[in-house]
Amino acid sequence: MDFDLTADQRQLKRDTIAFARRKLGSRVVDDDEGSRFPVEDWRKCADFGVLGWPVPTSYGGRGLDPLSTMIALEALGYGCADNGLVFAVNNHLWGCAIYILMHGTEEQKNRFLKPMCQGTLIGAHALSEPETGSDVLSLRTTAELDGDHYLLRGTKCFISNGPQADIFVVLARTGGQGGPQNELSAFLVTADLPGFKKTREFSKMGLRTTPLGEIEFDNVPVPAANRIGREGAGYSIFTSTIEWERSFMFASQVGAMERLLDTSLDHAGSRRQFGRTIGSFQAVAHQIADMKIRLELARLILYRVGWLKREGRLALLDATIAKIFVSESLVQTALSAVDIHGARGYLTDLGIERELRDALGGPIYAGTSSVQRGILAELLGLQGVLSGEPERPRRDTT
Ligand SMILES: Cc1cc2nc3c(=O)[nH]c(=O)nc-3n(C[C@H](O)[C@H](O)[C@H](O)COP(=O)(O)OP(=O)(O)OC[C@H]3O[C@@H](n4cnc5c(N)ncnc54)[C@H](O)[C@@H]3O)c2cc1C
């Protein structure tokens, strides 16, 4: 097992950190306060190639392998102070582009991926609904086949990038036989179709530079050619793709954890109280040590997922562990950073309080921590943890 980065990966990491520090996030304090999407910085990300990192060069991307993509996203998260911008990038890649890459037709890839890499089409993932959050199979949006179109009806909410996005991966109910898992289909829905309405932008605690919105489909005629995969395969497409979202989306959080550790270490080494640096007090030093432990373990589990995906293997178990561990670790690390900086950690200008606000969404989006723990328990063989269904009798496997 080789834990070293290659020369190319080290260079990619250095270049990305330098780009993100120099070019991104300079207006984050104001943009956060005004909940503004940083359009200019989005364009810079496109020009640097960020929006096409995992996309093959034949479709306009940079063609990075999954492990290198993970490393680049971590570097972006480390160098860019605007976590909202980085979250918008990750939603574009792992909520939308990855569905086209993994399950799209040649026609869909040729049509959508190039403008997505160029940043002129912004992607989003529209799954959640007013009555449907964790319980994906109960979603109510319907898609009814009508000639060569599906008529889409329903409402989707809490859609990251929604107010800015041009193309949405939408899961809708098409009906069918064989139980709820075969009743959903996935579609690529563009915002220019008649009956597509962006109805609301939500105000929120953190990640305020990523717009979060609600959309309505009022008999939207979605071409059948925009269906992803076969009719009824939506849920299996979702479950096979979500392992990318639940891991790669969190690589940038590892970068944010390292940035918080650096800042806290500097402060602990320079701030003096009682005639000593505060880092010499065990209460502070142990928090710094815990920040480092979380950082290294978070990086290890994510690189493992990156490696598994590079080898073309399933990574659901590891991605689930990664989602829980990284998102919860970032919250703990941000809390420690606020504590170590005292009143300065609580002020807006330094940005530490913003890091905490930004971190708190992580254990909710892409599936809550509780639901991830339920998935993990079920992957380990326990039954009915998520659905509450009665246990089936154990089959004798000997
Ligand atoms: C910043 C942010 C960005 C988001 N972006 C998107 C997006 O781009 N696209 C999108 O579709 N959605 C998005 N969401 C929505 C997100 O996916 C949902 O909030 C999440 O899946 C939980 O759904 P819910 O909010 O309806 O909570 P609910 O499902 O109502 O859950 C409420 C509580 O009950 C618990 N719970 C529910 N079921 C179980 C169970 N079986 N076992 C144990 N506990 C359970 C949950 O853990 C939680 O604590 C975003 C959310 C946030 C905060």
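Predicted model: local features only at pLDDT ≥ 70, side-chain atom pairs only at ≥ 80, totals over all residues.
R299 forms a salt bridge with E74, and their closest N and O atoms lie 2.8 Å apart. Between domain 1 and domain 3 the count of salt bridges is 2.

Let's step back to the layout. The domain assignment of the protein gives three domains:

| Domain | Residues |
|---|---|
| domain 1 | 7-121 |
| domain 2 | 125-232 |
| domain 3 | 250-379 |

Taken over C-alpha atoms, the centres of domain 1 and domain 3 are 21 Å apart. Their contact draws 19 residues from domain 1 and 23 residues from domain 3.

How much area do domain 1 and domain 3 bury between them? The figure is about 1,800 Å², with 57% of it on carbon and sulfur atoms. On the domain 1 side, M70, E74 and Y78 lose the most area to domain 3, together making up 34% of what that side buries.

Which helices supply at least two residues each to the side of domain 1 that touches domain 3? They are α2 (28-34), α4 (66-79) and α5 (83-103). The largest share, 8 residues, comes from α4. By class, that side of domain 1 has 12 nonpolar, 3 polar and 4 charged residues.

Conventions
Residues numbered from 1 in each chain as written. Heavy atoms only, no water. Domains from an automatic or database assignment. Contact = heavy atoms within 4.5 Å. Buried area = accessible area lost by both parts, 1.4 Å probe. Salt bridge = Lys/Arg side-chain N within 4 Å of Asp/Glu carboxyl O. Helix = DSSP H or I, 4+ residues; strand = E, 2+ residues; numbered from the N terminus. Nonpolar A, V, L, I, M, F, W, Y, C, P; charged D, E, K, R; others polar.
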